[in-house]
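Subject: A structure for you to look at

Hi there,

Here is the structure I promised to pass on. Please open it beside this email and follow along as you read.

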Amino acid sequence: MGGDHLHLDHVSVRFGAITAVDDVTLTIRRGEVVGLVGASGAGKSTLLRTINLLERPQAGRIRIDDADIVDLRGPALRQLRQGIGMVFQRFNLFARRSAADNIAFPLRVAGVPRAERQRRVAELLELVGLGGRADARPRQLSGGQQQRVGIARALATHPAILLCDEPTSALDPETAGSIITLLRDLNRRLGLTLVVVSHAMDAVKDLCDRVAVMDHGRIVESKPTIELFAAPEHPATRALLRREAGLDLPQPAQGAGIRLRVAIHGAADATALLSATARRFAIDLIFDHGRIGHVAGETLAQVLVRLPADAPVSAVIEHLRTGGAQVEVDDGR
């Protein structure tokens, strides 16, 4: 991954009396895939649209490769947008144009000669897995295929940055998974920097290197994806994971003992560490709940264990953390 590619510095966007984005600072490295997540109305789509100035901030600066873009107008703004592709939730295809014509549209606007347009369109159709569907109209394509056309169109002008606004939310889970795989493959093959808005945490955990959580227009937590899922800190993050990803481990059962939330990379490592902890302190660990999942290409085990009332809680926690686990006392939040 390269150096800093995109930097938002104290960016704010207001619509009348409403502050949609409130003093946001965020740096994204070249080739990184960053997710913007949050509840509806948190400001994530508005923040995304500031990157290509579809929404112009009232305060703050935005730099791409150290060039300040906020004041760009006219030809300079059009040139900027050729370097930033955008993928939409509802595809936004021209209904009466073929897949090839939809992909060619930004090239035609940019004044690219016809022969070069045809070559680029054929290349992009192959890239997104639609080599045989150049003449198909949107109504002849499935939702996933329409989104592939949208992705190809976003890539037509060789952008270095790809903005994705809820790219899988209009798709069924299987199709959404194929689009996530395609986006990740394009990131790796082309070195694209991706900024992805999503409320679907399953998409985020499979696609993003890092996640920024927004709440009431602010970024309240930002960290590598695996760390966010293993140890969410802000209440908004915890609520989002409970609501969207099913990580709301059940409320403590009645009975004596303190309950710990434990997150460990690797299912085998989790079993070994918990077993070693029980042996070391000669205690019985009561497993109230657990699950194993995959986040950002890594296995993450999350369990709730209850300690006996007389267990040395601080020593147990320290032992688990020394073994590489994320541990916190469960308070039901």
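By class, how many nonpolar, polar and charged residues does the lining of the largest pocket have? The lining has 10 nonpolar, five polar and three charged residues. For these classes, Ala, Val, Leu, Ile, Met, Phe, Trp, Tyr, Cys and Pro count as nonpolar, Asp, Glu, Lys and Arg as charged, and the others, Gly among them, as polar.

Before going on, a word on where the values come from. The model is predicted, so local features need pLDDT of at least 70 and side-chain atom pairs count only at pLDDT 80 or more, while totals for chains, interfaces and linings use all residues. Residues are numbered from 1 along each chain as its sequence is written, and side-chain values use heavy atoms, with hydrogens and water left out.

**The overall picture**

The protein has 11 helices and 14 strands. These are DSSP runs numbered from the N terminus: helices are H or I with at least four residues, strands are E with at least two. The C-alpha trace spans about 75 × 45 × 35 Å along its principal axes. Of the 333 residues, 49% count as buried; here buried means under 20% relative accessible area, exposed over 50%, and partly exposed in between (1.4 Å probe, protein chains only).

**The pocket and the cavity**

Both terms come from a 1 Å grid over the protein atoms alone: a cavity is a set of points where a 1.4 Å probe fits but cannot get out, a pocket is an open set with protein on both sides within 12 Å along at least five of seven lines, and lining residues have an atom within 4 Å of a point. Grid points are joined across faces, edges and corners, and a volume is the space filled by probe spheres set on the points.

The largest pocket has a volume of about 640 Å³. Its lining is made of 18 residues, and the closest to the centre are Arg81, Gln82, Ile84, Pro106 and Thr157. The elements that give two or more residues to this lining are α2 (74–82), β6 (84–87), α3 (99–109) and α5 (143–155).

As for cavities, a search of the whole structure finds one of 30 Å³ or more. The largest cavity has a volume of about 40 Å³. Pro167, Thr168, Ile180, Leu183, Val196, Ser198, Ala203, Val204 and Leu207 line it. By class, that lining has seven nonpolar, two polar and no charged residues. Helices α6 (173–190) and α7 (201–207) each supply at least two residues, and α7 gives the most, with three.

**The nonpolar core**

A nonpolar core is a set of buried Ala, Val, Leu, Ile, Met, Phe, Trp, Tyr and Cys residues joined through side-chain atoms within 4.5 Å. The largest one holds 53 residues, of which Ile151, Leu155, Leu162 and Leu183 touch the most other members. Its largest share, six residues, comes from α6. This core draws at least three residues from each of domain 1 (4–242) and domain 2 (258–329); the bounds come from an automatic or database domain assignment.

**A helix with two faces**

Next, look at helix α11 (residues 313–322), whose buried residues are Val313, Val316, Ile317, His319 and Leu320. They cover an arc of only 160° around the axis, which puts them on the same side of α11. The arc is that of the directions from the helix axis to the C-beta atoms. An α-helix has 3.6 residues a turn, so residues three or four places apart point the same way. The exposed residues Ser314 and Thr322 are on the face of α11 turned away from its buried side. Just after α11, glycine 324 takes a positive phi of about 100°.

Which residues other than glycine have a positive phi? Glutamate 166 is one of them, with phi near 50°, and alanine 282 is another, with phi near 55°. Glutamate 166 sits in the loop between β7 and α6 and is buried, with a relative accessible area of 10%. Alanine 282 sits in the loop between α10 (267–281) and β12 (286–295) and is exposed, with a relative accessible area of 69%.

Finally, leucine 163 lies in strand β7 (residues 161–165). Leucine 163 is buried, with a relative accessible area of 0%.

Happy exploring!
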